[in-house]
Amino acid sequence: MIKSLGRLALIGALLATLCGPGAAAAQLSTPAAVDLHESYTLLTTTFYSKVDVQKVLDGARTSLTQLMGKHGGGTLPSVRAAASGESNISVLQSEVAKAAAKSHTSQTLATYAAIDGMAKSLGDRYTMFFTPDELKQFNDALDPAKISGIGVLIQQAESPTGYISAYYVVPGTPAEKAGVQSGDFFTSIDGRSTKGMKSDDATKVLRGTPGSVVNIQIERDGKPLPQPIAITRANVQPPTVIYKMLGGDVGYIWVLAFGQQTSDEFNVALNRLQDGGAKAYVLDLRNDGGGYVNTALDISSRFINNDPIVSVLEGGRTTTIDSDNTAVARKPMTVLVNRYTASASEITAGALQDDGIAQLVGEKTFGKGVVQTLTPLPDGAGIKITTARYFTPKNRDINLKGIEPDVAVAENKNARIGEPDRDAQLQAALGLLQQKISDSKV
């Protein structure tokens with residue numbers, strides 16, 4: 001059965017899945033016990049294909065045995081899976097307690113070992129358990145924590161100057177408000193010359209306590225500004241979107257990851273490029289390993305108007321998700337992809353290709369056509385489970401296959417992403433757009 005519905009309905013369904021086991025597990029005595037209960041329930045009820053419960057129990061036992069082997073040895077008797085999930089959970093709790101006692105480790109450590117073994121037993125590379133530290137690292141990759149600075153991505157300029165340059169000024173940050181522009185050279189920071197300074201060293205100087213002031217001498221278009229610019233540091237969100245206007249009025253948007261704030265950053269970028277008179281767009285999804293599905297839907301909807309973006313197969317039912325009514329006027333567009341373009345970024349690339357809005361340029365994408373649901377556990381750990389498969393609007397299954405570009409272009413040696421004279425794939429994309437712009441004038 002296939003039906004079309006808005007994204008809010010899909011979000012509601014996922015939230016119901018996430019919250020399901022919590023009520024029963026809340027009656028358990030310790031956070032570790034709740035972790036074990038929730039993880040077993042989610043793994044055996046929400047995984048996208050049929051689960052062999054015996055393998056799940058065996059996976060926990062194997063992992064617990066390995067834990068004991070690291071701490072003095074010991075064995076656990078094999079167990080047979082029961083028909084009741086609660087019975088199996090009771091057995092798991094007993095095994096965890098025995099393993100903790102025999103290995104002289106904490107109940108929490110033994111619980112983590114059991115959950116990790118259960119997750120691995122499904123044989124799915126994307127289903128995995130995270131300790132609290134691992135979950136924080138995973139989340140930080142998508143949604144980096146704020147840092148205190150001025151809001152500029154910098155790089156060391158090549159000879160002959162060797163100064164630090166502002167590669168990108170993040171919108172709405174102290175640097176932008178103070179008048180810093182992308183491409184500016186920072187010739188000195190607080191009186192210290194940046195000639196030959198490494199980017200990491202410059203970053204340390206630019207960061208500081210919120211509210212403190214840093215003075216930067218700037219060279220722009222080959223001329224020094226009359227006075228240093230004083231910038232008051234503040235807490236700044238590292239960007240997941242970088243944009244700029246390229247030659248020929250082509251708007252370039254590079255999406256680094258599909259995080260929670262990415263949709264808002266993308267809208268700022270697209271609106272500014274529109275206001276700047278963009279005649280065409282390059283959407284760069286290279287090296288973008290994905291992130292949140294809803295972010296992919298938001299970004300796709302800025303170009304696809306009231307048409308399908310993706311179909312999701314979950315629990316035996318296929319749901320087609322349409323774009324909302326937020327698309328901008330259609331203009332020539334290309335999408336840059338490579339072998340590291342994966343997951344949520346493939347949803348966007350596949351939708352734009354299937355809808356005929358954009359040509360894909362670069363290399364075949366990674367091929368991750370499955371969706372994971374990440375559930376935080378009570379003590380700060382988490383479990384990520386593959387709960388669905390997705391298909392492009394034309395019902396293409398890209399899992400383990402990837403998406404072939406319309407124009408195949410290999411990455412050049414020593415490429416610098418986003419710089420047309422050093423980026424062969426971007427050059428090819430711009431060539432296509434320039435031809436389309438020229439044809440539209442005929």
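A residue counts as buried when its relative accessible area is under 20%, as exposed when that area is over 50%, and as partly exposed in between, using a 1.4 Å probe and protein chains only. What you are looking at is a predicted model, in which local features need pLDDT of at least 70 and side-chain atom pairs count only at pLDDT 80 or more, while totals for chains, interfaces and linings use all residues. Residues are numbered from 1 along each chain as its sequence is written, and side-chain values use heavy atoms, with hydrogens and water left out.

Let us step back to the whole chain. Of its 442 residues, 47% are buried, and its C-alpha atoms fill a box of roughly 75 × 55 × 40 Å along the principal axes. The chain holds 13 helices and 21 strands; these are DSSP runs numbered from the N terminus, helices being H or I of at least four residues and strands E of at least two.

Back to Leu-135, which sits in helix 7 (residues 132–142). A contact means heavy atoms within 4.5 Å. Setting aside neighbours within four places in sequence, Leu-135 touches Phe-130, Leu-374, Gly-380, Ala-381 and Gly-382.

Now for some helix pairs. Axes are lines fitted to C-alpha atoms, for helices over the stretch in contact, and angles between N-to-C directions run from 0 to 180 degrees. Angles under 35 degrees count as roughly parallel, over 145 as roughly antiparallel, 65 to 115 as roughly perpendicular, and the rest as oblique. The axes of helix 4 (residues 53–70) and helix 6 (residues 107–121) come within 7 Å and cross at roughly 135 degrees, so helix 4 and helix 6 are oblique to each other. Residues making this contact include Gly-59 and Ser-63 of helix 4 and Ala-113 and Gly-117 of helix 6. Helix 10 (residues 262–275) and helix 11 (residues 293–301) pack at about 20 degrees, with axes 9 Å apart. That angle makes helix 10 roughly parallel to helix 11. Here Thr-262, Ser-263 and Phe-266 of helix 10 meet Thr-295, Asp-298 and Ile-299 of helix 11.

The strands come next. Two strands pair if DSSP finds at least two bridges between them. Six strands form an open sheet in the order 12-13-14-17-18-21, with mixed pairing. At its edges are strand 12 (241–246) and strand 21 (407–408), each pairing on one side only. Within the sheet, strand 17 (residues 333–337) and strand 18 (residues 359–362) run parallel, joined by four bridges, and Thr-334 stands opposite Gln-359 of strand 18. Helix 12 (residues 344–354) lies across strand 14 (280–284), strand 17 and strand 18, at about 145 degrees to strand 17. Elsewhere, strand 8 (residues 213–220) pairs with strand 10 in the antiparallel sense over four bridges. Strand 10 (residues 229–232) has a covered face, Ile-229 and Ile-231, and an uncovered one, Ala-230 and Thr-232.

Finally, look inside. A nonpolar core is a set of buried Ala, Val, Leu, Ile, Met, Phe, Trp, Tyr and Cys residues joined through side-chain atoms within 4.5 Å. The largest has 57 residues, with Ile-253 and Val-335 making the most contacts inside it. Beyond four places in sequence, the contacts of Val-335 include Leu-283, Leu-352 and Leu-360. Apart from that core lies another of 31 residues, among them Val-96, Ala-99, Met-118 and Ile-385.
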